[in-house]
Amino acid sequence: MKIAVCGKGGSGKSTITALLAKELSRMGKDVLVIDSDESNYGLSRQMGVELPKDFTAYFGGKEKAQKDMMLSNFTHQFFKETWTFSDVPEGYYAEKDGVKLMSSGKIHTANEGCACTIGNIIRQFVEHLNLTENEYALMDMEAGIEHFGRGTDNGMDLILMIVDPSYESLALSGKILELGNAIGKPVRFVLNKVNDENRELMKNGVCEKAEVICEILEDDFIRGAGLQGKELSLEMESVRDLAKRIISKSATK
Ligand SMILES: Nc1ncnc2c1ncn2[C@@H]1O[C@H](COP(=O)(O)OP(=O)(O)OP(=O)(O)O)[C@@H](O)[C@H]1O
Ligand SMILES: [Mg+2]
């Protein structure tokens, strides 16, 4: 199953991607985490590994890939056939506790150009990725909704939106549901940073037809790890339940 983890900036996408990946792995699943956020560097730290080499480098680097795209009038196919979990090349992923992390690519220098080529390669990658029942790909998306515009979500089986306690996030829930529905993908919602004060406001503020499948409490350990750039090594019952729902497919029914 391929799962896109999306939401507003700072809502907790990377945090929940890391926690869920570790949980799925503890449950005996093979997990590939795809860092598709070209701007933020946090996910590898949260997973406790070094940031792997940009996947774009496998295709000759961003500049070459961009040229290939332009010469083909943006139709260039980077993948000729389907890829399996184990086709991700050595050197392009980091691994810990049974979870592999790959990175689509980051913006490294000023004036290097936009991230469209990086996004294009990773979109084609997820479309060509063929997973078995025991394999899960979790894609940590860049903030906002551009990935829907790029078509990255077309290759996904489930869109998981992380909603944090902010008006913007609650308002975005309706747009993400609309975009997910438009491409025929199940969209499910995770309320994050929930506490006794905001719980009811969040439940009432999320869009009307939202299917909320998990609530993750505001947590001191997560906040501390986020502040200090530490690995997220905690286990949470709510995340365990989320993983179970995903595995049993009740999350997508
Ligand atoms: N349940 C939680 N309790 C407390 N703090 C949290 C929780 N979830 C996330 N955070 C904190 O919120 C901040 C943002 O989290 P995170 O980086 O995962 O968000 P993001 O959506 O990936 O952000 P970006 O859009 O920048 O990639 C971090 O400092 C993180 O530690
Ligand atoms: Mg992030």
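Glu-23, Arg-26, Glu-235 and Arg-240 are joined in a network of salt bridges. The model is a predicted one, and it holds 21 salt bridges.

**Salt bridges within helices**

- Asp-68 and Lys-64 form a salt bridge, with their closest N and O atoms 2.8 Å apart.
- Both residues belong to helix α3 (residues 62-71), where a spacing of 4 residues puts Asp-68 and Lys-64 about one turn of the helix apart.
- Asp-68 counts as buried because its relative accessibility is 18%, which is under the 20% cut-off.
- Lys-64, its partner in this salt bridge, has 42% relative accessibility and so counts as partly exposed.
- A salt bridge also connects the side chains of Glu-146 and Arg-150, at 3.6 Å from N to O.
- Glu-146 and Arg-150 are separated by about one helical turn because they stand 4 residues apart in helix α5 (residues 146-150).
- With a relative accessibility of 45%, Glu-146 counts as partly exposed.

**A salt bridge between a strand and a loop**

- The side chains of Arg-188 and Glu-211 meet in a salt bridge, at 3.5 Å from N to O.
- Arg-188 is in strand β7, whereas Glu-211 is in the loop between α7 (199-205) and β8, so the pair ties together parts that are 23 residues apart in sequence.
- Arg-188 has a relative accessibility of 7% and therefore counts as buried.
- Glu-211, at 39% relative accessibility, counts as partly exposed.
- Side chains of opposite charge can pair when their charged atoms come close.

**The sheet**

- Strands β6 (residues 158-163) and β7 (residues 187-194) pair in the parallel sense, over 5 bridges.
- Arg-188, which also takes part in the salt bridge with Glu-211, is the bridge partner in β7 of Leu-160.

**Helices on the sheet**

**Surroundings of ligand 1**

- Lys-13 places a polar side-chain atom 2.7 Å from an oxygen atom of ligand 1.
- Asp-219 has a polar backbone atom 2.9 Å from a nitrogen atom of ligand 1.
- Ile-222 has a backbone N or O atom 3.1 Å from an oxygen atom of ligand 1.

Key
Residues numbered from 1 in each chain as written. Chains lettered and ligands numbered in written order. Predicted model: local features only at pLDDT ≥ 70, side-chain atom pairs only at ≥ 80, totals over all residues. Heavy atoms only, no water. Pairing = 2+ DSSP bridges. Helix = DSSP H or I, 4+ residues; strand = E, 2+ residues; numbered from the N terminus. Salt bridge = Lys/Arg side-chain N within 4 Å of Asp/Glu carboxyl O. Buried < 20%, exposed > 50% of the residue type's maximum accessible area, 1.4 Å probe, protein only. Polar contact = N/O pair within 3.5 Å; in protein donor to acceptor, adjacent residues only side chain to side chain.
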